[in-house]
Amino acid sequence: MRPRRPTSLKLRRWRHKMFNFAHLEKKRKRVLIVTDGRDCGAEYAPLFRQFGEISHDPNALKLQPFEFKMVVFTGGADVSPKYYSDTSPKGICHSNPDRDSEERKIFGFSRQRGIRMVGICRGMQFLNVMT
């Protein structure tokens, strides 16, 4: 058996920060599905119902964050190129700045509280840009 390598203090702090929400996992019973109201986000509800009660209200996440097990970012317009330090070539990107701003707040809020996040189509692109 090989001896364990000592981990740096920074790594140990990161692990503690990432895993200190484990005791809340049993209490988390809800899933937030984030949409722009125009896509078919409601169609995703049956896929995620196995993880908990479905909510489409971001305010519920802010009021009771430790009840949420997961946040699902769904499809829709492009993520604004300004979030990845670029511009739209010839103006072909069709983004929704209000949605980008709101989802960015939800992302930061969820990340601080250790809530899992999943992306579908545009949602996965959004998560890639945010990390």
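The following legends describe close-up views of a predicted model.

Local features are given only where pLDDT is at least 70 and side-chain atom pairs only at pLDDT 80 or more, whereas totals for chains, interfaces and linings use all residues. Residues are numbered from 1 along each chain as its sequence is written, and side-chain values use heavy atoms, with hydrogens and water left out.

**View 1. The four-stranded open sheet has the order 2-1-3-4, with parallel pairing.** Strand 2 and strand 4 form the edges, each pairing on one side only. From one strand to the next the twist averages 25°. Helices (H or I, at least four residues) and strands (E, at least two) are DSSP runs numbered from the N terminus, and two strands pair if DSSP finds at least two bridges between them. Strands of a sheet pair through backbone hydrogen bonds, either parallel or antiparallel. Three bridges join strand 1 to strand 2 (residues 53–55) in the parallel sense, with Leu32 opposite Ser55 of strand 2. Strand 1 also pairs in the parallel sense with strand 3 (residues 68–73), over five bridges; here Ile33 stands opposite Val72. Between strand 3 and strand 4 (residues 116–119) there are four bridges, again in the parallel sense. Val71 has Met117 of strand 4 as its bridge partner, and Val72 stands opposite Val118 of strand 4.

**View 2. Strand 1 (residues 30–34) is largely enclosed by the rest of the structure, because five of its five residues are buried.** Buried denotes under 20% relative accessible area, exposed over 50%, and partly exposed the range in between (1.4 Å probe, protein chains only). In a regular strand the side chains alternate between the two faces of the sheet. In strand 1, Arg30, Leu32 and Val34 point one way, while Val31 and Ile33 point the other way. Strand 3 is likewise largely enclosed, since five of its six residues are buried.

**View 3. Arg30 of strand 1 makes a side-chain polar contact with Gln64.** The distance between the side chains of Arg30 and Gln64 in this contact is 3.1 Å. A polar contact is a pair of N or O atoms within 3.5 Å; within protein, one must be able to donate a hydrogen and the other to accept it, and residues adjacent in sequence count only if both atoms are side-chain atoms. Arg30 counts as buried because its relative accessibility is 14%. Leaving out residues up to four places away in sequence, Arg30 touches Glu53, Ser55, Ala60, Gln64, Glu67, Phe68, Lys69 and Met70, where contact means heavy atoms within 4.5 Å.

**View 4. Asp36 lies in the loop between strand 1 and helix 2 (45–48).** With 23% relative accessibility, Asp36 counts as partly exposed. Apart from residues up to four places away in sequence, Asp36 touches Asn96 and Arg99. Asp36 and Glu102 are 66 residues apart in sequence, yet their C-alpha atoms are 9.9 Å apart in space.

**View 5. Helix 4 (residues 97–112) contains Ser110 and lies across strand 1, strand 3 and strand 4.** Helix 4 runs at about 150° to strand 3. Axes are lines fitted to C-alpha atoms, for helices over the stretch in contact, and angles run from 0 to 180 degrees between N-to-C directions. Ser110 counts as buried because its relative accessibility is 0%.

**View 6. Phe73, Phe107 and Phe126 are linked by ring pairs into a cluster.** Rings of Phe, Tyr and Trp (its six-membered ring) pair if their centres lie within 6.5 Å; planes under 30 degrees apart count as stacked, over 60 as edge-to-face and the rest as tilted. The structure holds three aromatic pairs. One of them, Phe73 with Phe126, is tilted, at 5.1 Å centre to centre and 45° between the planes. This pair links distant parts of the chain, with Phe73 in strand 3 and Phe126 in helix 5, 53 residues apart. Phe73 is buried, at 0% relative accessibility, and Phe126 is also buried, at 0%. Phe107 and Phe126 form an edge-to-face pair, 6.3 Å centre to centre with 90° between the planes. Phe107 belongs to helix 4 and Phe126 to helix 5, 19 residues apart. Phe107 is buried, with a relative accessible area of 6%. Helix 5 (residues 122–130) lies across strand 3 and strand 4, running at about 125° to strand 4.
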